[in-house]
Amino acid sequence: MAYHHWAIGLFLLHIFYNNLCNCQSENYFDDSAPSPRSYTPDVGLLDFVYHNHDDMTRFLRTTSARYPNLTALYSIGKSIQGRDLWVIVVSSSPYEHMIGKPDVKYIANIHGNEAVGKELMLHLVQYFVTSYNTDPYIKWLLDNTRIHILPSLNPDGYAVSKEGTCDGGQGRYNARGFDLNRNFPDYFKQNTKREQPETDAVKEWISKIQFVLSGSLHGGALVASYPYDNTPNSMFQSYSSQPSLTPDDDVFKHLSLTYANNHAKMSRGVACKSATPSFENGITNGAAWYPLTGGMQDYNYVWYGCMEVTLEVSCCKFPPAHELRKYWEDNQLSLVKFLAEAHRGVQGFVMDTNGAPIERASLKIKGRDVGFQSTKYGEFWRILLPGIYKLEVFADGYAPREIDFMVIEQHPTLLNVTLQASKRNDGPYNNYRPVSAAQQHYRPQPEREQGFLSSISSGFNSLVSNIFG
Ligand SMILES: [Zn+2]
């Protein structure tokens with residue numbers, strides 16, 4: 001009975017999807033693609049000033065009340081000092097996931113004293129809601145994407161930060177002194193830092209929503225930095241800063257370049273100061289810049305297959321408010337074009353022979369050994385550049401499958417996968433899970449190997465990370 005329901009539902013989805021595909025063939029990814037129209041912010045609605053937590057809360061509440069069909073406000077938890085970790089969804093379906101369409105996110109102000117990203121997020125919300133009816137590009141984006149925006153993950157740190165302070169660590173940490181971007185489980189090394197409520201809230205959040213693409217906004221540099229942030233163990237890793245590349249390096253480079261190239265100046269790769277590095281084309285591999293343990297982007301990618309890039313948007317961490325308009329103008333197009341990249345690659349449904357969705361099927365692009373899973377609706381997404389690929393699909397109780405497919409530039413490839421039930425044991429693939437793969441990769445080091453060298457390197461790391469973003 002339930003299966004029949006699903007079969008009909010998926011059949012309708014199928015028809016709907018094929019139509020969607022046709023309308024997407026109007027092409028959002030090449031030179032002839034429509035672009036966002038010019039936009040002049042209305043400072044009467046949202047001024048270029050810094051918003052403390054109460055001001056920010058008021059803006060988010062007012063906006064969600066004024067645009068109930070385009071926004072929804074929720075909190076993923078509270079900071080140590082009890083401030084809500086607000087998320088505002090902007091989409092033509094703000095309250096419900098759109099089956100078959102990607103959810104994406106931005107998270108800003110993870111380091112409380114890196115304040116520009118937080119204000120950019122508020123202006124991005126304002127831009128989206130006021131442009132939906134007048135800008136076909138924004139309408140397309142919001143009709144086909146659910147955009148979750150968390151303007152401040154570290155409101156307690158923000159509360160003790162000072163406008164005009166470009167460098168340093170005052171306000172960087174949460175109220176217990178923890179760096180939230182060193183507080184996630186790590187792919188390469190054991191993270192011994194005590195879990196914090198802010199990071200726990202993010203972990204819970206991303207375990208419930210399958211985010212396809214994410215940007216993590218920071219300040220203190222001008223660069224798009226992509227996984228991995230950490231490297232396999234090596235005694236002098238902190239000094240060597242070797243690249244640590246993912247199997248999706250082509251995609252991460254492309255996503256980072258999308259941000260840098262649409263930014264007013266990031267792609268020029270000019271160093272913030274003479275003592276800081278310059279970045280070719282305004283992008284860098286995270287570990288090639290400086291390795292770190294417990295970062296958010298590696299966690300998103302390895303555990304959930306979410307492509308997250310760290311966006312360092314200002315040389316000065318907390319510049320004077322009169323510069324905010326300029327920062328918005330520099331980043332506006334990047335912020336939009338980056339999110340649109342969620343519509344590149346392959347997407348589809350995994351289902352059984354009755355058309356019922358298969359949840360938590362494990363998927364992998366052959367040759368790219370970081371996997372991902374299907375949602376409870378059987379959906380999956382993977383951002384890929386144009387080319388020919390093989391998709392590997394495994395699910396408990398089903399025969400594994402490999403499917404060849406092609407990705408083109410103009411629109412995502414739709415690929416529905418039907419799995420045949422299997423009574424026999426199909427071998428090790430039955431146990432394949434991205435998460436357990438990560439756990440296998442991580443090898444705790446014996447105590448004696450973590451001697452003074454590691455304390456020197458961690459000291460060096462915190463020094464470096466206080467200089468940069
Ligand atoms: Zn930062």
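Student: In β13, what is the bridge partner of isoleucine 365?

Tutor: The partner of isoleucine 365 is leucine 391 in β13. The model is predicted, so local features need pLDDT of at least 70, side-chain atom pairs count only at pLDDT 80 or more, and totals for chains, interfaces and linings use all residues. Residues are numbered from 1 along each chain as its sequence is written.

Student: How many bridges do strands β10 and β13 pair over?

Tutor: Strand β10 (residues 362-365) pairs with strand β13 (residues 387-394) over four bridges, in the antiparallel sense. Two strands count as paired if DSSP finds at least two bridges between them. Strands (E, at least two residues) and helices (H or I, at least four residues) are DSSP runs, numbered from the N terminus.

Student: What is the order of strands in that open sheet?

Tutor: The order is β11-β10-β13-β14, with antiparallel pairing. β11 (368-373) and β14 (401-407) stand at the edges; each has a single partner strand, so one side of each is left without a neighbour in the sheet. Neighbouring strands are turned by 30° against each other on average, direction ignored. Such angles run from 0 to 180 degrees between N-to-C directions, and the axes are lines fitted to C-alpha atoms, for helices over the stretch in contact.

Student: And what is the order in the open sheet of eight strands?

Tutor: That order is β1-β2-β4-β3-β5-β8-β6-β7, and the pairing is mixed. The edges are β1 (71-78) and β7 (283-285), each with a single partner strand, so one side of each lacks a neighbour in the sheet. Here neighbouring strands are turned by 20° against each other on average, direction ignored.

Student: Which helix packs on the sheet, touching β6, β7 and β8?

Tutor: That is helix α8 (residues 249-262), whose direction makes about 30° with that of β8. Helix α10 (residues 296-304) lies across β5 (211-218) and β8, running at about 165° to β8. Contact here requires that two residues have C-beta atoms, placed from the backbone, within 7 Å.

Student: How many residues of α10 are buried?

Tutor: Nine of its nine residues are buried, so the helix is described as mostly covered, given that a residue is buried if 20 or more other C-beta atoms lie within 10 Å of its own, exposed if 12 or fewer, and partly exposed in between, with C-beta atoms placed from the backbone. Among them are Met296, Asp298 and Trp303. Just after α10, glycine 305 takes a positive phi of about 65°.

Student: Which strand holds glutamate 312?

Tutor: Glutamate 312 is in strand β8 (residues 307-314). The unreviewed UniProt entry annotates Glu312 as "active site". UniProt positions are given in the numbering used here, with feature names shortened, and annotations may be inferred rather than shown by experiment.

Student: Is glutamate 312 buried or exposed?

Tutor: Glutamate 312 counts as buried, because it has 27 C-beta neighbours inside 10 Å. As for strand pairing, β8 is joined to strand β6 (residues 221-226) by five bridges, and the two run antiparallel. Leucine 222 stands opposite valine 313 in β8.

Student: Changing topic: where is asparagine 281?

Tutor: Asparagine 281 is in the loop between α8 and β7. Its phi is positive, about 60°, although it is not a glycine. Most residues other than glycine have a negative phi, and most peptide bonds are trans. Asparagine 281 counts as partly exposed, because it has 16 C-beta neighbours inside 10 Å.

Student: What kind of peptide bond joins proline 227 and tyrosine 228?

Tutor: A cis peptide bond joins them, with omega about 0°. Tyrosine 228 is found in the loop between β6 and α7 (237-240).

Student: Last one: how many residues does the largest nonpolar core have?

Tutor: The largest nonpolar core has 112 residues, and those with the most contacts inside it are Val90, Leu120, Ile149 and Val350. Helix α3 (residues 116-131) supplies the largest share of this core, nine residues. A nonpolar core is a set of buried Ala, Val, Leu, Ile, Met, Phe, Trp, Tyr and Cys residues joined through C-beta atoms within 7 Å. Leaving aside neighbours within four places in sequence, valine 90 is in contact with residues including Leu70, Phe128 and Ile149.
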